[in-house]
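Hi,

Here is the structure I promised to pass on, with my notes below it. Could you read them with the coordinates open beside you?

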Amino acid sequence: MGMYRMGGTGGWGLMRSFNRDKSVTQHRLRPGTTRRIARFAKPYRRMLALFLALIVVDALFNAANPLIYRAIIDDGILQSNAGLVVTLALIVGGLALLDALLSLGQRFISARVGEGLIFDMRTGVFQHIQRMPIAFFTRTQTGALVSRLDNDVLGAQQAFTDTFSSVVGNIISVTVTLLAMTLLSWQLTLLTLVLLPIFILPARWVGKRLAAITRESYHLNAQMNTMMTERFNVSGALLVKLFGRPRTESNAFDQRAARVRDIGVTQAMYARIFMTALLFTASLATAMVYGFGGVMAVHGTLMVGTVVALTAYLNRLYGPLTALSNVQVDIMTALVSFDRVFEVLDLAPMIDDKADAVAIPRGPASVAFDHVDFSYPTAEEVSLASLESVAVLDHAPTSQVLHDVSFRVEPGQMIALVGPSGAGKTTISHLVPRLYDVRSGTVRINGIDVRNASLESIRASVGVVTQDAHLFHETIRANLLYAKPNASEAELTQALHAAQILQLVESLPAGLDTVVGDRGYRLSGGEKQRVAIARLLLKAPDIVVLDEATAHLDSESETALQRALKIALKGRTSIVIAHRLSTVREAHAILVISEGRIVAQGTHAELLASGGLYAELYETQFRAQATGSEVTGSS
């Protein structure tokens with residue numbers, strides 16, 4: 001049967017419509033969603049208008065075919081008019097050609113509009129997410145963000161391609177088809193409509209089951225994909241091998257894959273039941289038209305061609321009419337996809353440029369903290385429940401991390417922050433590049449409140465090297481050029497030399513074009529840190545923040561890194577966090593941090609002489625190192 005061909009109303013497209021989650025109709029769209037969708041589609045309004053016109057013309061052409069079949073039989077074959085039969089057959093062929101051309105035109109416009117909308121929304125969401133503060137990323141699930149850029153954007157795009165064309169095409173097709181059938185025989189038309197509930201009611205029941213199965217299928221596939229993602233990255237694979245659990249992992253994966261297999265079989269069977277019911281109903285209706293219409297034709301109350309025309313119209317009635325019975329779910333599914341995209345776009349970045357933001361001038365820079373209090377933002381301030389995969393965001397207030405912190409670093413000076421873990425050292429370092437905003441007090445660079453400075457100028461002035469320097473899964477060259485895209489070969493070589501890693505890079509078969517692997521795992525910890533130092537040197541910031549950059553390194557790597565850091569910090573204002581107190585002896589001042597407060601400050605010698613927390617920390621480390629040396633010597 002040549003049935004259900006228009007804009008997603010084919011049998012399988014109709015099945016997809018019925019297995020959508022009906023609960024979507026209970027979703028409350030935010031005010032103004034439809035107006036925003038209209039604004040989003042505004043650049044494509046002419047193409048959408050042409051798309052609509054092609055759908056209308058195509059529907060009218062297709063509605064004409066059964067009438068031509070009727071004329072061929074009644075006026076041509078039964079009247080022995082061969083010329084008319086040939087002429088009408090040529091017209092059918094011409095309409096088929098026009099239909100093909102219209103179909104190509106619809107597909108071209110649909111693709112242009114659909115892919116254009118995908119581009120607009122994806123780039124818009126990506127750029128917006130890039131502006132989010134680091135607190136947003138610490139709470140949000142990466143997979144949920146990717147889903148917004150993938151599934152929800154595609155769902156929104158389908159509103160203009162599949163849903164729009166389907167609804168409009170179905171309305172026109174049903175209207176024209178019912179009108180033509182009624183004019184041909186209102187009795188048979190009414191008879192065929194009586195059969196419609198016989199299909200729709202079971203279809204809705206199957207649809208509910210399919211929707212539930214589809215939801216479970218998505219969940220099971222997500223679990224399986226999550227397991228693969230966690231086990232296939234370097235850290236996960238290393239953990240599996242170190243604990244010797246490959247058989248356990250295989251068994252766990254087999255169980256999840258088996259559940260996906262079983263639900264896939266169930267899903268396929270329900271889908272087949274749906275299609276069988278649709279085809280059975282259409283076949284039953286066709287049999288009734290031929291049966292009752294044939295009897296009427298035998299008794300002379302209906303022409304034979306009319307019976308054939310009515311049967312042909314049936315192929316254009318059941319699919320569209322059934323789809324329109326589920327149109328609310330189709331439209332709401334598309335609108336909800338838009339709503340989820342807008343939800344992300346409406347989450348205002350907690351940290352952003354002011355309208356009158358000023359640029360921090362380049363050159364020797366000072367850093368000043370003036371009575372700074374800080375607590376980390378709550379989930380409600382920076383995140384969305386749907387992106388954290390929770391029903392409701394955590395509204396509990398966060399505890400205060402910093403209390404009345406004040407200090408000043410003059411241009412070219414080095415300040416060290418020391419103290420126990422969790423004291424607030426890293427938090428202080430995050431406030432300098434304005435990864436977070438203070439709750440009260442002020443952080444200034446060159447006398448300018450960072451909240452009044454442009455983020456671009458802050459990022460240009462401040463360079464940061466963290467404890468675990470991140471490298472992209474690209475070449476060493478690409479990772480270095482991230483800091484200065486137009487850097488010359490000589491500048492890259494100079495930066496690597498200053499970072500004490502040029503010799504290693506030159507010894508690699510591909511040199512600068514060596515791919516470092518996922519998160520730089522092909523390099524050792526010390527090598528990664530030195531590449532990060534080279535990247536910092538290319539950026540050439542005025543202020544350098546080092547967050548335990550030498551932690552967890554062996555003695556040889558630490559020595560090489562210390563030489564690189566000495567070059568990187570020369571002439572620059574620097575704030576250094578270090579657990580190894582031997583690395584901060586040369587600091588102009590050492591700030592001792594405890595429970596979010598500066599409890600002591602001074603030079604290394606002054607703090608040792610005055611006793612207190614710094615002296616305790618130093619004594620503990622010295623004793624641990626001495627013990628370690630004795631153990632090494634005795635072994």
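The crossing of H3 and H11 is right-handed, a crossing being left-handed if the near helix is turned anticlockwise from the far one by less than a right angle, and right-handed if clockwise. The axes of H3 (residues 45-77) and H11 (residues 304-314) come within 8 Å and cross at roughly 160°; axes here are lines fitted to C-alpha atoms, for helices over the stretch in contact, and angles run from 0 to 180 degrees between N-to-C directions. That makes the two helices roughly antiparallel (under 35 degrees counts as roughly parallel, over 145 as roughly antiparallel, 65 to 115 as roughly perpendicular, the rest as oblique). On the H3 side the contact (heavy atoms within 4.5 Å) is made by Ala-63, Pro-66, Leu-67, Tyr-69, Arg-70, Ile-73 and Asp-74. H11 brings Val-304, Gly-305, Thr-306, Val-308, Ala-309, Ala-312 and Tyr-313. These residues divide into 10 nonpolar, two polar and two charged, where Ala, Val, Leu, Ile, Met, Phe, Trp, Tyr, Cys and Pro count as nonpolar, Asp, Glu, Lys and Arg as charged, and the others, Gly among them, as polar.

A word on the source before going on. This is a predicted model, in which local features need pLDDT of at least 70 and side-chain atom pairs count only at pLDDT 80 or more, while totals for chains, interfaces and linings use all residues. Residues are numbered from 1 along each chain as its sequence is written, and side-chain values use heavy atoms, with hydrogens and water left out. Helices (H or I, at least four residues) and strands (E, at least two) are DSSP runs, numbered from the N terminus.

Next, H10 (residues 246-298). Its 53 residues should span 78 Å at 1.5 Å a residue, and the end C-alpha atoms are 76 Å apart, which agrees; the expected span is 1.5 Å times one less than the number of residues. Just after H10, Gly-300 takes a positive phi of about 80°. The axes of H7 (residues 186-194) and H10 come within 10 Å and cross at roughly 160°, so these two are roughly antiparallel as well. Their crossing is right-handed. Leu-188, Leu-191 and Thr-192 of H7 meet Met-288, Val-289, Phe-292, Gly-293 and Met-296 of H10, a set with six nonpolar, two polar and no charged residues.

Now the sheets. An open sheet of six strands runs in the order S6-S7-S8-S3-S9-S10, with mixed pairing (two strands pair if DSSP finds at least two bridges between them). Its edge strands are S6 (462-465) and S10 (597-602), each pairing on one side only. Neighbouring strands are turned by 20° against each other on average, direction ignored. H20 (residues 525-539) packs on this sheet, touching S6 and S7 (543-547), and its direction makes about 175° with that of S6. Four bridges join S3 (residues 414-418) to S9 (residues 589-594), which run parallel; Val-418 has Val-592 as its bridge partner in S9.

What does Gln-601 touch, leaving aside its neighbours within four places in sequence? Gln-601, which lies in S10, is in contact with Ile-590, Leu-591 and Leu-607. Its C-alpha atom is separated by 10.0 Å from that of Ile-415, 186 residues apart along the chain.

The other open sheet has four strands in the order S2-S1-S4-S5, with antiparallel pairing. S2 (400-409) and S5 (448-449) stand at the edges. S4 (residues 440-445) and S5 pair over two bridges, and Ile-445 stands opposite Ile-448.

Best wishes
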